Every structure is written in structure tokens, then in C-alpha cells.
Amino acid sequence: MNERSAAGKRDGDEGNPLVGTGVSRREDRALLTGAATFTDDRSEPDLAHLAFVRSEHAHARLKGVDASAALELDGVLAVYIWGDIADSESPGVIPIASDRLDAEIPGHPVLARDRVRYHGEPIAAVVATDRYAARDGVEAVEVDADPLDAVVDPLEAANHAAPTLYEAAPENVVNTSELGDRDATDETFEAAPHVVDLSLENNRLIPSALEPRAALADWNAGDERLTVEMTSQSPHGHRRKLAQTLDLPERQIRVIAPAVGGGFGHKGHHHPGEAVAAWASMRLERPVAWTATRSENYLAGAHGRDHRTDASMALDSDGRILGIRVETVANVGGYGLGGAPAMPSWYGRLLASQYDVPAIHCETRAVVTNTAPIHSYRGAGRPEAIYVTERLVDIAARELGIDPVEIRRRNLLSPDDFPHETAVGAEYDSGEYEAAIDRALELAGIDAEGDHQLRGGERDDAGRLRGVGLANYVESTGGGYESGLVRVHPDGTVTVFAGSHSHGQGHETTYAQIVADELEVAYDDVDVVEGDTDAIPAGTGTFGSRSTIAAGNAVREGAKDVLEKARRVAAFRLDADLADVAYADGSFTVEREREDERLSADGGAESVSFAEVASAAYGRGLPEPLDPGLEATCFYEPDGTAYTFGTHVAFVAVDPATGDLEIERYVAVDDCGPRVNPTIVEGQIHGGVAQGLGQVCTEETVYDPDGGRLLTDTMFEYGVPRASQLPDVETGATETPSPLNPLGVKGIGEAGTIAAPPAVVNAVCDALAPYGIEHVDMPLTAERLWTAIREATDE
Ligand code: MCN
């Protein structure tokens with residue numbers, strides 16, 4: 001890999017592209033030295049602090065709130081309940097995409113109305129002169145509530161006898177959707193010589209970004225503008241949602257996302273915290289800050305996954321997949337946030353994984369329960385789908401006695417099959433799946449031609465059972481438009497503005513690489529700005545591994561437009577025809593014959609630098625049709641979804657005496673098309689795999705099945721993986737361009753979370769094969785594995 005320092009192009013580097021090299025991340029200096037400013041670091045004169053009174057019950061009828069004692073406390077400025085919001089001009093309800101649901105359920109009220117539907121739901125907001133007084137105020141508020149029966153399990157919630165959360169959804173089902181052809185799939189299954197079945201749970205996860213959610217809202221009554229600094233992945237999206245929640249025009253709201261300590265999806269959606277901070281600031285006409293504690297983030301931030309699935313795969317006798325049939329019940333939580341309750345309706349679009357599957361049918365029911373709302377969490381639907389298919393393929397391999405690699409090879413789509421539309425309507429753009437498998441096997445040291453009936457429970461010297469598992473995946477990436485504004489200043493330096501938001505992905509480095517290459521200027525002369533709705537034209541935000549595709553191409557197109565204009569200005573400066581002006585390494589030149597009469601007329605200037613052209617662009621006297629200035633805004637939307645893919649391999653050892661699981665090695669080969677910055681890509685894979693391993697090994701969200709209280713509400717109880725539990729991730733790459741965007745790129749930000757769970761569960765089931773154990777649900781804690789082994793040996 002061609003490593004370069006942040007200085008970017010060096011002498012002698014001219015002409016060598018930055019795109020494709022592992023330029024060190026320029027954002028890390030501030031992040032690693034503590035110089036970066038996070039929302040909670042911000043302050044304002046007269047700043048008030050907000051804290052929430054939260055429900056102790058998972059389900060209860062609210063009878064009253066007594067704030068009198070709290071209001072007596074020093075420093076407490078106000079205590080607000082739903083009635084205060086209802087009396088104001090603000091709707092106070094986080095909108096829900098109800099048009100995509102079968103049941104007319106309301107959105108999330110920012111403070112509970114007459115009923116609470118999950119443990120930790122905000123009931124009252126205390127605003128005080130400092131954060132300690134606000135907490136004291138919370139302690140002093142008395143809530144009178146009648147507990148109701150709670151239901152936390154989505155399968156139980158969908159049962160007739162379960163407590164009902166909303167009258168509009170008597171059986172708690174808010175959306176039922178189907179993908180694929182039910183009849184054709186049923187016929188396929190009836191005729192198929194082999195069918196394998198599997199019931200599984202995709203465990204509920206709680207995002208554990210380093211920085212909890214936070215907001216500092218400042219209503220300026222003078223100019224009637226609201227500024228909200230907040231932990232946002234999507235500043236423009238949040239501006240829109242704040243506008244809807246507060247009933248303010250978007251033009252009166254400015255959202256700033258300063259440094260953000262990780263998002264993983266849960267800072268992409270709107271939340272009562274920032275909405276109430278904004279409302280309170282308008283009410284009190286002073287700045288109001290809110291920062292969630294870790295436990296609040298766990299209790300009432302959005303969670304991820306939580307699917308229960310019955311799945312079957314039909315195969316012929318050679319192991320060719322004929323069909324996949326899936327029924328999933330997906331937990332929505334107590335309220336729908338935005339489009340989240342509709343998310344399960346499209347998760348099945350990736351069920352084909354990398355295979356040519358003629359018939360697929362997926363039916364999904366989205367169910368409300370007395371748990372925290374579910375929203376997108378790194379992967380958002382793709383890990384759930386790929387997990388189903390890659391587990392089924394492995395089980396089929398074992399039942400048919402076919403090697404797990406071989407069965408996959410027999411079903412792969414080949415490079416000639418693209419573009420390919422799957423039986424559930426996903427349109428794959430490009431793929432060379434077998435090359436990635438080969439590379440992964442090579443890195444893993446598994447003989448590509450050999451027998452991969454893997455290790456099948458061979459024992460090591462300590463008596464541990466060893467196993468190897470692999471998983472293929474595809475990941476849909478990109479989607480929607482993004483903005484890129486490239487502004488060249490009169491001195492020739494450049495500021496790039498993008499509507500995406502980096503909270504760990506290294507966009508500043510990445511976009512600077514792209515723009516410096518396009519403009520052929522020094523990398524250090526290019527700054528990148530994200531996260532300010534006043535500075536950036538409009539934007540979509542960062543989620544769905546979309547930024548490199550959407551914003552990367554937007555800033556590239558913006559740079560191209562700028563260069564085109566610069567060339568026209570250069571032609572004017574050089575008094576040359578546009579067609580004769582060449583550009584290379586920061587200089588516009590025109591080749592002239594010695595006898596060219598203009599040489600003698602204008603003193604013979606033959607080249608002009610990019611900086612001189614920039615200066616001229618802001619000077620006087622540009623001829624028609626050239627306008628002054630040198631900047632361009634591009635709104636770019638890719639021509640379709642780009643499908644990233646890859647193969648991950650896990651080597652594990654399980655101690656049958658204790659159930660203890662060790663991941664001995666982990667190999668990841670991913671293909672996100674051309675890599676703008678291979679080092680960042682590698683980092684994204686490391687982080688994604690770590691989160692995937694968290695899901696598969698330790699992370700377990702536990703609600704008390706009776707009362708519905710969240711029991712894993714601290715990092716101590718919720719098993720975030722420790723560095724010491726994680727293996728080195730050995731990475732490799734193939735690069736298959738997407739034909740759907742000019743850079744040819746595909747996203748990579750979520751790949752690791754998709755591939756790691758099936759790779760490890762497949763490996764563990766390989767290790768436990770001697771016991772006839774076909775499947776164990778995640779997380780594969782020592783207790784679960786020990787119990788599975790005990791149950792298998794007792795039978
Ligand atoms: N990249 C590249 N070449 C490509 C694709 C990507 O060089 N062909 C590099 C770029 O440097 C880019 C980075 O990978 O900046 C991520 O690009 P991309 O895959 O486009 O993903 P996004 O920037 O849109 O990031 C979103 C994605 C998601 S959806 C989650 S969730 C997630 C993730 O990124 N959350 C993260 N990675 C995270 N990383 C950190 N540290 N923190 C989070 O919260």
C-alpha cells in the first residue's frame with residue numbers, strides 16, 4: 001500500500017492520484033489530542049440544563065405528575081409535562097411514517113401523554129440552572145401511574161391474549177408485508193427433493209457509541225431563529241424533523257453537528273431529547289442543553305435488530321438452491337420513530353445473498369411491544385437477512401453432505417449474470433463473488449480445492465472443540481442524493497462542503513483526496529466542512545454506507561464543474577481558445593507556435609497557475625458569458641444501488657467443560673469497488689467486525705419478561721465486547737467497480753456487522769457438530785454453549 005502522510009502530494013508526486021492510497025486521517029489529530037469539540041463541550045452564557053423524569057414502568061396509565069417539590073428546589077427553573085407541550089403551538093410528536101403502516105398508530109410524543117409504553121420513556125422535563133440541580137429536580141418529581149401488563153417478546157405480543165399497546169392495532173401488529181411470489185415459492189418447496197428448516201432469533205442490540213446523545217438548543221427571540229448543536233448523523237434530516245415537531249419553518253432552524261463520538265445509526269433518527277431541549281429553549285428564551293447518561297441512552301435510545309424468524313431452504317440433490325421461504329416477526333418497540341416500523345418490510349430484499357435463487361418468499365410482521373423503540377443499527381436489515389440465508393446454506397451443506405464452500409460455489413451468481421434482479425426485486429449491479437471467496441480461503445490457509453467439511457469438532461491439546469465457518473454476503477449501499485459544494489477561494493485554496501456527516505468514517509480525508517485529485521491541487525489546500533445546515537446547501541446525511549457513493553461523487557462532480565469554469569477563465573487570461581488550454585499539476589497552459597502573433601502582443605504568457613486563475617475569477621472584467629466567482633454545487637444521486645460483497649472466515653475453539661468461546665482467527669475479504677482510502681476501509685471493516693462479534697458473542701439485551709424493565713441498562717450488564725476478547729482481523733480486498741456511479745465505488749461502513757455473525761455461528765456449529773448441534777442463538781455466551789452441549793449430550 002502506498003502510504004502518504006497528511007501532507008498529501010509531495011514533490012515528485014505530481015500526477016500520482018491520491019485516490020487509492022492510504023492517506024492518514026487528517027481528523028485524528030484533533031480527536032486523539034482532545035482538541036475536538038463535542039456537543040457537551042459547548043457552552044453558552046445563561047445556559048440551562050435539561051433532565052428527564054422517566055417511566056419506571058414498561059406499561060402504565062399515567063394519572064398525574066406532581067412537580068411542586070421539584071419547583072421549590074434551588075436552581076430549578078421549570079418542570080414540563082405533556083400538557084405544557086399540548087398547550088403550546090408545537091405538535092410535540094416525533095412523526096411516524098404512518099402511510100407505510102397498516103395501523104394508524106401515532107408517533108412518539110416527546111413527553112408521555114396519558115400512557116407510557118416502555119421503561120425509560122420520558123414523562124417530565126426538568127430545566128435548571130445547572131445539570132446537578134436538574135437531576136435533583138428529577139428526583140423530586142412524583143409520578144402517579146397505574147401499571148398495566150407489559151409484553152416485551154414480539155412473538156408473545158402478536159398473540160391474541162397479549163396486552164394491547166394501541167387500540168388501532170389490537171394484536172400489536174402494525175405492518176404486515178410480503179416480498180416475492182408466495183405461490184411460486186410454495187410450489188417450489190412442494191416439488192423440492194430437500195428442505196432444511198431453521199428457527200432463529202436475531203438478538204436485540206443496544207448501540208454503544210462512545211458519546212451518548214446530546215443537544216444544545218438556543219432560541220434567539222430577536223431574529224426568531226433556533227440553533228441546535230447536536231449529535232447528529234443527518235443535520236438536514238434533523239432540521240426537517242425538528243421543524244415538524246416544533247411547527248417551525250426549516251429556514252428558521254440551524255442544526256450544527258460538531259464532533260460526534262460515533263452514531264452507528266441511532267443518531268440518524270429524531271428523539272425526544274433534542275426536541276424537548278429545543279422546545280424548552282424557545283419557551284424560556286435561553287439556551288438549554290441536554291446530555292443523556294449512558295443508562296438513559298441504553299433505556300430510551302433506539303435499539304436494533306430483534307427479529308424472530310422461521311426459515312426454510314429448498315434444494316435439489318446436488319445442493320442447488322431452489323427456494324427460500326421466510327416468516328419474520330420484527331419487534332418495533334413501544335413507538336415507531338419515523339420510518340423505523342416499516343424497516344422490516346424491506347429487510348428480506350437481501351435474502352438471496354450471493355446466490356441464484358429462483359424463488360423467494362418473505363413475510364414480515366412488525367409488532368409493537370413494551371420495549372425501547374427499534375431503529376436502524378449498523379447494517380439495518382442486511383445483517384438480519386444475510387444471517388438467515390448463510391445459516392440455512394451451512395445447515396443444508398451438512399444435511400446433504402456437501403462441503404460448505406462447494407455448496408456456495410455451486411449457487412453463486414457469476415460475473416456474467418449482472419445486472420441481476422433477485423426473486424425479491426433487489427437489482428445487483430456487479431460482482432465477482434468467487435474471486436473474493438478464493439482470496440478469503442487463501443488468506444485463511446484453507447486449500448481452495450480441498451475438503452472444507454471444516455474442522456468439524458476436532459479437539460486441540462486442551463480438549464477444546466475447534467470449528468471453521470465462513471459467510472458470504474452482499475450489502476446494498478448508497479441511495480438518495482447528496483450535495484457537494486466546491487468553493488475555490490481567490491488564493492486558489494479550496495473548501496468543500498458536503499451534506500453527509502462524518503462521525504468516525506474519515507470523510508474529511510476522503511473527500512479531500514477526491515477533490516485534490518480532480519483539481520490537481522495540493523491535498524493540504526483542500527478543507528472539508530460537514531455538519532452545518534446554514535453552510536451546506538441541503539443534504540441527506542450519513543447512514544446506509546452511502547456517503548462515499550453519494551457525497552464522494554457529488555464533490556467530484558462539483559470539482560469537475562469548477563475546473564471547467566477555471567479553464568474558461570484561464571483561456572481568457574491566456575487569450576487562447578478554450579480547446580487549446582491544457583491543465584496539469586495546477587497549471588493551465590497553451591501551446592503556441594513561435595510565430596504566433598499573440599506572443600509578441602501579450603508578452604508571451606503561456607501558462608497560468610490554478611491560484612492565478614482563482615484570483616482572476618474574482619477580479620473585474622470577465623468577458624460574457626463568464627460570471628465572477630469560482631464554485632460549483634452538485635446534487636448527485638447514483639443511478640442505482642451498489643452491492644458490496646465479500647467472504648469472511650472465522651476459526652473458533654469451544655471449551656465443552658465451560659462453554660467458553662474463543663475466536664482464534666478472523667479473515668475478512670471485502671469488495672467495495674475501488675477503495676478511495678484503503679486504510680480507512682480497513683478501519684471500517686475492523687470496527688464493523690468488532691460490532692458483529694459483539695452481537696454474536698456477548699451483547700444481550702434483557703428485559704424482565706414480567707414487568708418489562710430493562711435489566712441490561714449499564715455497560716456492566718450489557719456485554720459490549722472488550723478489546724481483549726477480539727481477534728486480529730486479517731483483511732484482504734478485491735475491487736469490482738459499480739457501473740452505477742462515476743467513481744465506481746460501493747459502501748463499506750456496515751460490511752463487518754453483516755458478515756461476522758453468520759461466519760462465527762457457522763464456525764461454532766462446525767465445532768459442535770459431533771454433538772449434532774445444528775444451531776445456537778446469539779449471543780453465544782458460555783452459558784448458552786454449555787447448556788446446548790449439556791442438552792445435546794443428555795439426549
Ligand atoms: N471508503 C473508501 N472507498 C470505498 C468505500 C468507502 O475509501 N469504496 C472509505 C471512505 O474513507 C469513507 C469510509 O470508507 O469515508 C466509509 O464510507 P461509506 O461506506 O460510504 O460509509 P458512510 O461514510 O456513509 O458511513 C456510514 C456507515 C454506517 S451506515 C454506520 S452505521 C457506521 C459506519 O459507517 N457508523 C460508524 N462506520 C462508522 N464508523 C465509526 N467510527 N463510527 C460510526 O458511528
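**Reading sheet packing, ring pairs and a buried histidine**

Modeller: Helix α17 (residues 610–617) lies across β27, β28 and β29, running at about 80° to β29. This is a predicted model in which local features need pLDDT of at least 70 and side-chain atom pairs count only at pLDDT 80 or more, while totals for chains, interfaces and linings use all residues. Residues are numbered from 1 along each chain as its sequence is written, and side-chain values use heavy atoms, with hydrogens and water left out.

Biologist: How are such elements and angles defined?

Modeller: Helices (H or I, at least four residues) and strands (E, at least two) are DSSP runs numbered from the N terminus. Axes are lines fitted to C-alpha atoms, for helices over the stretch in contact, and angles run from 0 to 180 degrees between N-to-C directions; contact means heavy atoms within 4.5 Å.

Biologist: In what order do the three strands of the open sheet stand?

Modeller: Strands pair if DSSP finds at least two bridges between them. Here the order is β27-β28-β29, with antiparallel pairing. β27 (581–584) and β29 (607–609) stand at the edges, each with a single partner strand, so one side of each is left without a neighbour in the sheet. The twist from one strand to the next averages 20°. Helix α15 (residues 547–574) also packs on the sheet, where it touches β27, β28 and β29, and its direction makes about 50° with that of β28.

Biologist: How many aromatic pairs does the structure hold?

Modeller: Rings of Phe, Tyr and Trp (its six-membered ring) pair if their centres lie within 6.5 Å; planes under 30 degrees apart count as stacked, over 60 as edge-to-face and the rest as tilted. The structure holds 11 such pairs. The rings of Y80 and W279 have centres 4.8 Å apart and planes at 90°, so this pair is edge-to-face. It links distant parts of the chain, Y80 being in strand β5 (residues 76–80) and W279 in helix α8 (residues 272–284), 199 residues apart.

Biologist: Is H501 buried or exposed?

Modeller: Buried means under 20% relative accessible area, exposed over 50%, and partly exposed in between (1.4 Å probe, protein chains only). H501, in the loop between β25 (494–498) and α14 (507–519), has a relative accessible area of 2% and is therefore buried. Its side chain reaches the backbone oxygen of S232 at 3.2 Å, and the backbone oxygen of A257 lies 3.4 Å from a polar atom of the H501 side chain.

Notes: A polar contact is a pair of N or O atoms within 3.5 Å; within protein, one must be able to donate a hydrogen and the other to accept it, and residues adjacent in sequence count only if both atoms are side-chain atoms.
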